[in-house]
2 protein chains.
Amino acid sequence: MTVQGYNPRTGQPYGDPLPVTSDTEVDRLCEAAHSAHLAWSGWTAEARARVLDLVADRLDGESDALIAVADAETALGVPRLTTELKRTTNQLRMFADVLREGSYVDAMIDSPNTDIIPPRPDVRRVLRPLGVIAVFSASNFPFALSTVGSDTASALAAGCSVVVKGHSAHPNTTHETGRVVTAALSEGGAPDGLFSVVYGTQSGIRLVQHPVVKAAGFTGSIGGGRALYDLANSRPDPIPFYGELGSVNPTVVLPAAAAERPSEIAAGFAQSVTMGVGQFCTNPGLVFAPSSIVDELGKAVTDSTGGAMLNERMCDSYRSAVDTLSDSDLVSLVATGSAPGDAWAGKPALFSVPLETFEANLEKLTEENFGPSALVVTYSDVADVLPVLSRLPGTLTGTVHAQPSENSDAAAVADELRKIAGRLIYNGWPTGIALAWAMQHGGPWPATTNASHTSIGVPGIYRWLAPVTYQTWPDELLPPELQNDNPLGITRRRDGVLGKH
Amino acid sequence: MTVQGYNPRTGQPYGDPLPVTSDTEVDRLCEAAHSAHLAWSGWTAEARARVLDLVADRLDGESDALIAVADAETALGVPRLTTELKRTTNQLRMFADVLREGSYVDAMIDSPNTDIIPPRPDVRRVLRPLGVIAVFSASNFPFALSTVGSDTASALAAGCSVVVKGHSAHPNTTHETGRVVTAALSEGGAPDGLFSVVYGTQSGIRLVQHPVVKAAGFTGSIGGGRALYDLANSRPDPIPFYGELGSVNPTVVLPAAAAERPSEIAAGFAQSVTMGVGQFCTNPGLVFAPSSIVDELGKAVTDSTGGAMLNERMCDSYRSAVDTLSDSDLVSLVATGSAPGDAWAGKPALFSVPLETFEANLEKLTEENFGPSALVVTYSDVADVLPVLSRLPGTLTGTVHAQPSENSDAAAVADELRKIAGRLIYNGWPTGIALAWAMQHGGPWPATTNASHTSIGVPGIYRWLAPVTYQTWPDELLPPELQNDNPLGITRRRDGVLGKH
């Protein structure tokens, strides 16, 4: 059994086939990762930060070779992949900075008080790494959400070890990235087995059920994610499975914005919906807009260009969904863009439907179509849109386009969108995700398996940590984060108040 | 169909039977809770705090009546129930204080920066309430972990609404408590339907599967918790199910402590293991100790007194487990305590087993026996104990008794215990849980369904919150927690740094 890479531009095999990982080997790697975690979790935050920085530097140092392989295997193009690799290494550096700042451990100290009910002894709480993390890499970001993407970076930063299930859409990119990461970890003195990669569907199934694996991160389809989620939950000892699955990313264009900035909105929309051939989790696939702007949106889509999609199955599935919509009596085809001669090309497409028809067929018309297509739902009165928004499936993002004069409507839209979305954008587009503390990349099912967590941004690290409370321990036996004189100089919550105390 | 309360001291019915809640009524209460949440989540934190304080005051005002009913139905005794009710009202006040302090919303603000890859727009993140929460109340704390216990208090504080599945072991206590809470909420002007109670097993099954219910909290048995957990996860849209299930709470008595403080340790142990007739999740059911202290532990258990257990099934199950252990060739019966003449009395019991035998039968001998019994595992060398500790099932607590001279051994024990436990106690006992930010009441499965969360203590509120990020929004449309001039004066993380800015 092997995994074979392909060139989406030609549809031909790319690179040598890689052997799928046997159950025995998965087990061996998990055990090695378990041992490595025990050592790694004892490293200081500063020491782990140095290793993350080193991994970032070594990836940057081999960027030309990595980007060339990724471009051959994903057809995402050198400019995009250059930015994406830089984003990936900056993501590692961001977590290194978070480790150095140190307050991510959420240290809390409460003084004893015997005069209250119940009496309180000295209690001190700090976050500790969970153990071995299974990372299921995504197809659509071969660097930033893959082998050493946000799940891996945040897990290593947390003090966990990682076994990555490589995505079948870019096995050579995975292999080459893995080689650089493993060498850099070794150069930095990290314990053997801290990071490894497995290949093949069965290896992922084994991984999520392995006793030493304590949590999993996943970015991919609803079907694949649900199957692994169910496996994680049906273990004798269930583990958290943090999946980012599917999202329709509704956008509401308010009337004045549509009237006053039609070309700007149409251009922004077309660029966002075709970015990466529409293979973004945050692709704006559903637009509520006055019918007056539909022609302008259509023109922008007509002028847009698609490209080779990530793999044959994704391309087939996209084309089939577009065909089904084109044949449907429910929606109208507004425009299609052009497509290059690539083997697995996806062509941009825009459909429209009146609000009443959409509402009556909501479930059918809100299935995510992964690729450069969108559906415009035309409305006359924004008051009619509001009650529909909260009926949409959970989504990563929700967007509003408004003129200042209609800000009260924008606020009303936001009030509805925040019931179903993790990130709200005002006069922008949802594609493109900042690396920041304040980033939320998550949302109610099926956007993610748990809306309280994020898979991108600093707080993603909290998926891999769990609190431990020390009660009445001698100061010298406490972890430094909890010792009286705060040797690490971190911000802590002491008797309920945050400060460097 | 009805739910009937019983008096555990007599085994006779207590109070009138309460009707079980029909599916139709569960649905109605869920829908009402959903509407109530939409209103309540728009209240200011200060306004919610005032209502929580009012509920606490009204419960205190009716304490005599509530305690009388609870004592008749649980046999836990007036002194314990008096303390427990006060703990429950102080828990409500603690969350009111948390709301007033305000930083629990984890507000984060990151400034725009277009000079980095990826470029960062203005992003601002705040926690928002999830919606309707299903609370499955516990049998063993008829106030503190029941109708208006830690799950309900933290969920209401978060801005969620609550539907409580009342426990069948104390329906009249539930009913009376619910009556006081509902009246107080109404007096405080809270929206109708914010809080309600349902009765009967089927109502809980319906509740955890209802579309508007967004998360559940549970304290109870592994079997019951697992069944509901599986239902929550098998929904078309799975919801987080935060269960606190079962715990053996290992204690390690180090040699010098055993030699120098045998009577003190034995007295503390007997008090802890028989507290509440052993019906504590944190009951120290497994003690690793030198054989020299076993006689002293046995004497303390001989002098101890059991009492009526919470219900007939719990009593039967406890007695049967004690009988099985007594008949077992693996362990020796060291001592039994006395038992009063109550109908459903549980008698304290202490068993012992050598470390080697324990290790060889670890799975069988680590099943939680809910009641006032414990197993002493005798060892000669603490080095032999260390590798056994991390093989124990996940547990809420782990305890060490040590003299200062053996602190390095205590640290080594803690290093193992923290792999399996959420709270580590030094020279104390695990029963009795402080209400504090720094409290962790959780641990790896089967202690809880998710070790990253706690069901007691301030951070329990995070189970009911999810982040939403606002990207490039006009300041005046942002929630006050995120506005530039920080009108609430709360501590926020701004460009990665915590402060009142």
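B:Asp53 forms a salt bridge with B:Arg100, the closest N and O atoms being 3.0 Å apart, where a salt bridge is a side-chain nitrogen of Lys or Arg within 4 Å of a carboxyl oxygen of Asp or Glu. B:Asp53 lies in helix H2 (residues 45-61) of chain B and B:Arg100 in helix H4 (residues 78-101) of chain B, so the pair ties together parts that are 47 residues apart in sequence; helices (H or I, at least four residues) and strands (E, at least two) are DSSP runs, numbered from the N terminus. The model is predicted, so local features need pLDDT of at least 70 and side-chain atom pairs count only at pLDDT 80 or more, while totals for chains, interfaces and linings use all residues. Residues are numbered from 1 along each chain as its sequence is written, chains are lettered from A and ligands numbered from 1 in the order in which they are written, and side-chain values use heavy atoms, with hydrogens and water left out.

**Salt bridges**

- Over all chains, the structure holds 49 salt bridges.
- In chain A, the side chains of A:Lys86 and A:Asp60 meet in a salt bridge at 3.2 Å, N to O; A:Lys86 lies in helix H4 and A:Asp60 in helix H2 of chain A, so this pair joins parts that are 26 residues apart in sequence.
- A network of salt bridges links A:Glu46, A:Arg50, A:Asp53, A:Asp97 and A:Arg100.

**Cavities**

- A search of the whole structure finds six cavities of 30 Å³ or more, a cavity being a set of points, on a 1 Å grid over the protein atoms alone, where a 1.4 Å probe fits but cannot get out, with lining residues having an atom within 4 Å of a point.
- The largest cavity holds about 690 Å³ of space, a volume being the space filled by probe spheres set on the grid points, which are joined across faces, edges and corners.
- Of the 37 residues that line the largest cavity, A:Asp106, A:Tyr462, B:Asp106, B:Leu127 and B:Tyr462 lie nearest its centre, and strands S4, S19 and S20 of chain A and of chain B each give two or more residues to this lining.
- The lining of the largest cavity divides into 19 nonpolar, ten polar and eight charged residues (Ala, Val, Leu, Ile, Met, Phe, Trp, Tyr, Cys and Pro count as nonpolar, Asp, Glu, Lys and Arg as charged, and the others, Gly among them, as polar).
- The second largest cavity has a volume of about 200 Å³, and its lining divides into ten nonpolar, six polar and no charged residues.
- Helix H8 and strand S9 of chain A, together with helix H8 and strand S9 of chain B, each supply at least two residues of the lining of the second largest cavity.

**Cysteines**

- The count of disulfides over all chains comes to zero, a disulfide being a pair of cysteine sulfur atoms within 2.5 Å.
- The sulfur of A:Cys30 is 14 Å from the closest cysteine sulfur, in A:Cys160, and therefore too far for a bond; A:Cys30 is buried, with a relative accessible area of 0%.
- For B:Cys281, the closest cysteine sulfur is in B:Cys315 at 18 Å, which is also too far for a bond.

How values were computed: 1 Å grid on protein atoms, 1.4 Å probe; cavity = no way out; pocket = protein on both sides within 12 Å on 5 of 7 lines; lining within 4 Å. Buried < 20%, exposed > 50% of the residue type's maximum accessible area, 1.4 Å probe, protein only.
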